[in-house]
Amino acid sequence: MSVPVVTLKVTESQQSLLIQKPASGLSLQGSIRVPGDKSISHRALMLGALAQGETQIRGLLLGEDPRSTAECFRALGAEISELNTELVRVKGIGSGQLLEPHDILNAGNSGTTLRLMLGILASHPGRFFAVTGDSSLRSRPMSRVVQPLQQMGATIWGRKGNSLAPLAIQGQQLKPITYNSPIASAQVKSCILLAGLMTEGQTTVIEPALSRDHSERMLKAFGAQVSQNPENNSVTVTGLAKLSGQSVIVPGDISSAAFWLVAGAIVPDSELLIENVGVNPTRTGILEALGMMGADIQLENEREVAGEPVADLRVRHSGLKACQISGDIIPRLIDEIPILAVAAVFAEGTTVIRDAAELRVKESDRISVIASQLNLMGAKVTELPDGMEIVGGTPLAGTDVDSHTDHRITMSLAIASLNASGTTTINGAEAASISYPNFTTTLQQICGQA
């Protein structure tokens, strides 16, 4: 079978991914496993550090973001073994017992690390902490978590009115609040819940729409008292709980599986089986959106693993049609919108994505970047203030594109390249390692090269 040439060119400054579609076409085949869920990996490390006793984590994501979380919590006193997918041991220091570190904590590129950690640090009375990140993270808004923490009595300083890292935190005895969040954000919700975990009384977060609920599930598993009210999208944690070390099995990340779901759907004669994927209902917006577009996706071997629903996902090529994506589904697929834009490029009709302004403050301005890079390849994507309008059916041609150091942009452009004529060069491809270190290897595998 003719296969595309998928190669990684490495220079001193960056990596470039080259994808050359063969003249005879290609089909994608095989069974693959995606890395562990990034959201669950972060939370397992954090709650393990706050728990009494040992937490054992299997299937941890080995991307750069969880490594940042591990390094931060080691500096705060937790004992965390070398990270690997087989078994990571975390010896917790106990809720409220984190140490004052000797140096600035560096969250790298990870917004989850920084935002969730702020809630934990702010609720440690008498200790001082300083946190920062890379250039991308230092430009991302932190006021969305700083402001509710300040309502709880937190003392936090930072650039531009305490809205940008680096940030300094003087730990305080906080007070519980009921917070009506203006946005549906699992990072905001989790930050406040983690602050409430060490605050006497009940802390409640109410969201305009339901965001992913990994924190609630894991807090319950570790022994916290958590209640949820689906009628108003609220969650309440009772403070001063004693957490106990647990055994955590991390399922495959549906955000990583999304790239192969779209690849299988758009490349003719393809069939892929993606094994052991987390299908938490607060994360399956991508399955619903692709279903609306007519994608042929089946859930097989559905089961529950350590409190999280898991399934194998089988996808076959199918003709896609345009749809409207907006409203309450957006928080459940916000990270998958760049790859959904790729699916829309190959769908019949015009797809409109709205209510996704949050994309502009991710690792890059994902609305602007994915639109501009796909347009370089010949697509017809129009930016909207809170989304995109994508006219499907225009053939793509290979060219030079850029990841803008965003892992999800890198991988979305790679999938688009599979259906583009000629050669596509994706500069800054090293960004994929943030969440999917072996992305290129898996791409070569399903193209028949590995």
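Is Asp 213 buried or exposed? In this predicted model, Asp 213 counts as buried, because its relative accessibility is 9%, and the cut-off for burial is under 20%. As for its position, Asp 213 lies in a loop, with strand E12 (202-206) on one side and helix H7 (214-222) on the other. If we set aside the neighbours within four places in sequence, Asp 213 is in contact with Lys 189, Gln 228, Asn 280 and Thr 282.

In soluble globular proteins, nonpolar side chains tend to be buried together. In this model, the largest nonpolar core holds 79 residues, and those touching the most other members are Trp 260, Leu 290, Leu 374, Ile 415, Phe 439 and Leu 443. Helix H8 (residues 254-266) supplies the largest share of this core, namely 10 residues. Consider Trp 260 in particular: beyond its neighbours within four places in sequence, its contacts include Ile 32, Val 34, Leu 272, Ile 415, Phe 439 and Leu 443. There is also a second, separate core of 65 residues, and among its members are Ala 78, Ile 192, Leu 194 and Ala 224.

I shall finish with the cysteines. How many disulfides does the count give? The count comes to zero. Take Cys 72 as an example: the closest cysteine sulfur belongs to Cys 191 and is 14 Å from the sulfur of Cys 72, which is too far for a bond, because a disulfide requires the two sulfur atoms to be within 2.5 Å. Cys 72 counts as buried, at 2% relative accessibility. Cys 447 is buried as well, with a relative accessible area of 1%.

Methods
Residues are numbered from 1 along each chain as its sequence is written. This is a predicted model: local features need pLDDT of at least 70, side-chain atom pairs count only at pLDDT 80 or more; totals for chains, interfaces and linings use all residues. Side-chain values use heavy atoms; hydrogens and water are left out. Helices (H or I, at least four residues) and strands (E, at least two) are DSSP runs, numbered from the N terminus. Buried means under 20% relative accessible area, exposed over 50%, partly exposed in between (1.4 Å probe, protein chains only). Contact means heavy atoms within 4.5 Å. A nonpolar core is a set of buried Ala, Val, Leu, Ile, Met, Phe, Trp, Tyr and Cys residues joined through side-chain atoms within 4.5 Å.
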